[in-house]
Every structure is written in structure tokens, then in C-alpha cells.
Amino acid sequence: MNQQFRKDVDEGLSATVKHLPSKYFYDDEGSRIFQQIMLMPEYYLTNCEFEILEQQSACIHNAFDFTQHFNIIELGAGDGSKTFQLLRYLTEQEVDFTYVPVDISTEAMDQLKAALQKQLPQLSIQPVVGDYFQVLREKTASDNSQNLLLFLGGNIGNYAYDEALQLLQLFNSVMKSNDKLLIGMDLQKNPITIHSAYYDPAGITKAFNLNLLRRINRELGGNFIIDQFDFYCHYHPGNGEVRSFLVSLEDQIVEIADLGKSYHFQKNELIGTELSKKYTFEEIEQLAQNSGFEIRKNFLDSRQYFTNTLWTKP
């Protein structure tokens, strides 16, 4: 990971239009800050998905159509707070399954395992720290059980269309026939509601983005002066995209010791940090078809802000 991190940081900061991959938000500190984001009243995504998984667990379970033991493999599990509702229902119904949470944060996985062992002692849990695809390949190659993949939280929206399509096609390629994918997707809605979720007055989202610079300082020997950068985001209702940026407040040069290089930032120059795509139902249908899936059912919250859409591999 560290070698790839160095490569991606160098390429991103050397580009004509500077950018840093949002996947690097989630070190241990970033994961802690994101847990704060999920508790913000403006960040409706968490509550919407929580509502779906809490109130519609029985319907979701019925739509799995698994008759024997299966695995629930959650990609990017984090603290598992939303998934808990589904896990509790399945455990109470004595459904035969194993929960396999996957995350790149060791701290998040340790905390999740400890919490679930206390709250759901009957749960069979096999947490894994690592890369999604390595885990998926190993699990599907060594286990004949059916699999339900969870990709929750609207994370698919962090990928441009071609990247999202490639990711979903890779998921499909390691899945068995009749395996399922339950994927969280944020829906297009009032632009003010969306903008407020990413430009919160408490500045937690700003801290989440700035932590990326702190991570470069910690892990790569960077000398970013954090106070010389600010945060900005913008929602475009025409294409459903939230774009987030860090803004250089000064004309400055930043050195990164591990890379042996320095990078010039002009005053007001932007570093692109995140895309968060909001979908229409037509776009969801197109994405499912183009990645080789069939939509089984869209589960919606009461305000119809968000969907957990269940796809099957034919």
C-alpha cells in the first residue's frame, strides 16, 4: 500500500490539474473522522441507509433466495453500524451465514469485531484487513457457499462512470451464478439537501479532507502546512456530481521527503479530492445491465433519498 500511496501522491500532485485519490482518506484517523461525519444531522445518507436496513431486513432477506449457508462479504465495512441491523435480524432468525467484513483499517476491524462479539455473540464473523479483490478471489476460490456482497454507504458514487463500471464488472467476475450484490446508491434530490451534507457548518468534512494532507506528512515525510489550505465542494444538479477540493491559500512549495521531490502550489490552486455521484433510477438500471447484473429490487427509505439496490448475477 505504501508504495502505491507514494506513486499516486506523486502522480496526482505532478498533474496539470492536481488531484489525490479519495481512497486514501481512510487511514485510522480518517476512519475516525468519517464516523463523526456519519453522525452529522446534515449527512442524511447514514440515517437513510440505517432506516432501510433496520425496517426492511425481512424483505431484504427474502430477496436473497439463498437456501443454504451463505457468506455476507462487506467491502469497506468501517464500524459496521448500518449493517448491524441486518446482522441482528438474520441472527435472531437463526439464519445460517458467516459475516466477512473487509476494510483497509486494522483499527476499524478490531473495533468492529469486538463490538459484534459483545452485541451478537452467536454471530459467525471472520474479519479481514486487506484489498477487496484479493479477499474476494480467495474467499470465492476456497468456499463453495453462495455470497452476498455488501457495498454500502453510497461508496460507488466515489467512482467516475467508467471506473464504477470496471469495479462492478470485477465484482461480477469473481461472483458465482445467483450470488447477490446489495449496493448503496444516493439518489438525486433537492440540490440544497445534497450540498448541505458535504459542506457542513461544523467543518467535519473539511477536517476529513485535510487529514489527507496530514497523512502525507505522517507517512511520506511531507511538510504541508495545514492552515495554508482550505476546503471547498460543489454540487452540480445537471449531472448529479458533488466535487470536493482542497484550496491552496498561498503561493507555496511543499516538499515530500520520501519522494525526494517538491511541488509548487499557486495561490487558489485546487487539489481535487473526491467525486460523489448521485444517481437516477435510469442510471442505476444502465449500470447494472452494463456490468452484467440484473436488478432484483430497489429498497428505499421513507423520503426516497437513498436506495439499497439488490442485484443478482445470472
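Q: Left-handed or right-handed: which is the crossing of H8 and H11?
A: This is a predicted model, in which local features need pLDDT of at least 70, side-chain atom pairs count only at pLDDT 80 or more, and totals for chains, interfaces and linings use all residues. Residues are numbered from 1 along each chain as its sequence is written, and side-chain values use heavy atoms, without hydrogens or water. A near helix turned clockwise from the far one by less than a right angle gives a right-handed crossing, anticlockwise a left-handed one. The crossing of H8 and H11 is right-handed.

Q: Which term describes how H8 lies relative to H11?
A: Helix H8 (residues 161-173) and helix H11 (residues 281-290) have axes 9 Å apart and pack at about 50°. The angle makes H8 to H11 oblique (under 35 degrees is roughly parallel, over 145 roughly antiparallel, 65 to 115 roughly perpendicular, the rest oblique).

Q: How many charged residues does the contact of H8 with H11 have?
A: Tyr161, Leu165, Leu168 and Gln169 of H8 meet Gln286, Leu287 and Asn290 of H11. By class, four residues of this contact are nonpolar and three polar.

Q: Roughly parallel or roughly antiparallel: how does H2 run relative to H10?
A: The axes of helix H2 (residues 28-38) and helix H10 (residues 204-220) come within 9 Å. They cross at roughly 180°. That makes the pair H2 and H10 roughly antiparallel.

Q: How many charged residues are in the contact of H2 with H10?
A: H2 contributes Glu29, Gly30, Ile33, Phe34, Gln36 and Ile37. H10 contributes Ile204, Thr205, Ala207, Phe208, Asn211 and Arg218. Six of the residues are nonpolar and four are polar. The charged ones number two.

Q: Which strands are the edge strands of the open sheet of seven strands?
A: The order is E3-E2-E1-E4-E5-E12-E11, with mixed pairing (strands pair if DSSP finds at least two bridges between them). Each edge strand pairs on one side only. The edges are strand E3 (128-129) and strand E11 (294-300).

Q: Which residue in E12 does Leu300 stand opposite?
A: E11 pairs with strand E12 (residues 306-312) in the antiparallel sense, over six bridges. In E12, the residue opposite Leu300 is Thr307.

Q: How far is the backbone oxygen of Leu300 from a polar atom of the side chain of Gln56?
A: Gln56 sits in the loop between helix H3 (44-55) and helix H4 (57-64). Beyond its neighbours within four places in sequence, Gln56 is in contact (heavy atoms within 4.5 Å) with Glu51, Phe299 and Leu300. From the Gln56 side chain, a polar atom reaches the backbone oxygen of Leu300 at 2.8 Å.

Q: What does the twist average from one strand to the next in the sheet E6-E7-E10?
A: Three strands form this open sheet, and the pairing is antiparallel. Strand E6 (229-236) and strand E10 (270-277) are at the edges with a single partner strand each, so one side of each has no neighbour in the sheet. From strand to strand, the twist averages 20°.

Q: At what angle to E6 does helix H9 run?
A: Helix H9 (residues 191-198) lies across E6, E7 and E10. Its angle to E6 is about 160°.

Definitions and conventions:
Helices (H or I, at least four residues) and strands (E, at least two) are DSSP runs, numbered from the N terminus. A polar contact is a pair of N or O atoms within 3.5 Å; within protein, one must be able to donate a hydrogen and the other to accept it, and residues adjacent in sequence count only if both atoms are side-chain atoms. Axes are lines fitted to C-alpha atoms, for helices over the stretch in contact, and angles run from 0 to 180 degrees between N-to-C directions. Ala, Val, Leu, Ile, Met, Phe, Trp, Tyr, Cys and Pro count as nonpolar, Asp, Glu, Lys and Arg as charged, and the others, Gly among them, as polar.
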